[in-house]
Amino acid sequence: MTKNVITLRNLTVAYDRHPAVHHISGSIERGSLTAIAGPNGAGKSTLLKTIMGELRPAEGSVEHTLSRADFGYLPQAADINRRFPITVLDTVLLGAWRNSGAFGRVAKADIERARMALQTVGLDGFEKRHIGALSAGQFQRVLFARLLLQDAKVILLDEPFTAIDARTTRDLIDIILGWHSDGRTVIAVLHDFDQVRSHFPQTLLIARELVSWGKTEEALSSDNLLKARAMAERWDEDAEVCKPENLLKRPAA
Ligand code: ADP
Ligand code: MG
């Protein structure tokens, strides 16, 4: 088995020919715990969606050494529909699709595992509640329980702690650390640098282009953070001249 589970080769991803992720190269080692950091609009979510195969590269490539089924993905909260009328237990059971098939019968063993996953995330007794009636923190616990059931080898989390209470955040960080000690590969988009420095050995800092990627302490040096901010300020200035009627005329950068 090779050491890397994901390799980005000169990866560029664009919306309407505007690059959101630009010429990124590097790799994620099996069993590593990596934070993705960067200003708003830096391309962090775009990068995760491209790794998951939801977006196609405009240039370059993403290579995996594992299959799609080995990947677990938690999108940013804004992309998740919580009005779907489904119970907590059934939501967690969606993580078992790999065993049961999309329309297959759910095995008794899976229901038992789903109950255990709910216990692990501190939601014992919540099985029959509807997801629409949960707090943001409780719902995030449900989604982590689903990831536990899925038993993925690589787990991608997009801002898992944004708008989540401190207690839930602490509990869910423990689950991430547990995944890491199991030998799973975890990648998480995070905003809190203290959290990143305390728990994530590797960091990828992005501002459309790669700013730094490596050991967290070096990747998040004050020089690199200033550089990321300066790059983001440049987009804000560009935005002035980027009127809708000009958008289509602008050449891809
Ligand atoms: P981040 O997650 O780092 O905040 P995103 O990856 O969501 O950044 O977005 C990167 C850039 O791409 C932003 O300028 C954003 O406005 C733009 N973008 C994101 N999604 C779309 C989309 N579906 N269509 C057009 N532009 C998009
Ligand atoms: Mg995002």
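## A salt-bridge tour

Start by selecting Asp 151: with a relative accessibility of 39%, this residue counts as partly exposed (buried means under 20% relative accessible area, exposed over 50%, partly exposed in between, using a 1.4 Å probe and protein chains only). Before moving on, note that this is a predicted model, where local features need pLDDT of at least 70, side-chain atom pairs count only at pLDDT 80 or more, and totals for chains, interfaces and linings use all residues. Residues are numbered from 1 along each chain as its sequence is written, chains are lettered from A and ligands numbered from 1 in the order in which they are written, and side-chain values use heavy atoms, with hydrogens and water left out.

Arg 184 sits in the loop between α6 and β7 (185-189) and Asp 151 in the loop between α5 and β6, so the pair ties together parts 33 residues apart in sequence. Helices (H or I, at least four residues) and strands (E, at least two) are DSSP runs, numbered from the N terminus. Arg 184 itself is buried, at 18%.

Next, pick Asp 171 and Arg 141, whose closest N and O atoms are 2.9 Å apart in another salt bridge. Asp 171 is in helix α6 (residues 166-181) and Arg 141 in helix α5, 30 residues apart. Asp 171 is partly exposed at 25%, while Arg 141 is buried at 8%.

Last stop: Lys 153 and Asp 70, bridged at 3.4 Å between the closest N and O atoms.

Notes: A salt bridge is a side-chain nitrogen of Lys or Arg within 4 Å of a carboxyl oxygen of Asp or Glu.
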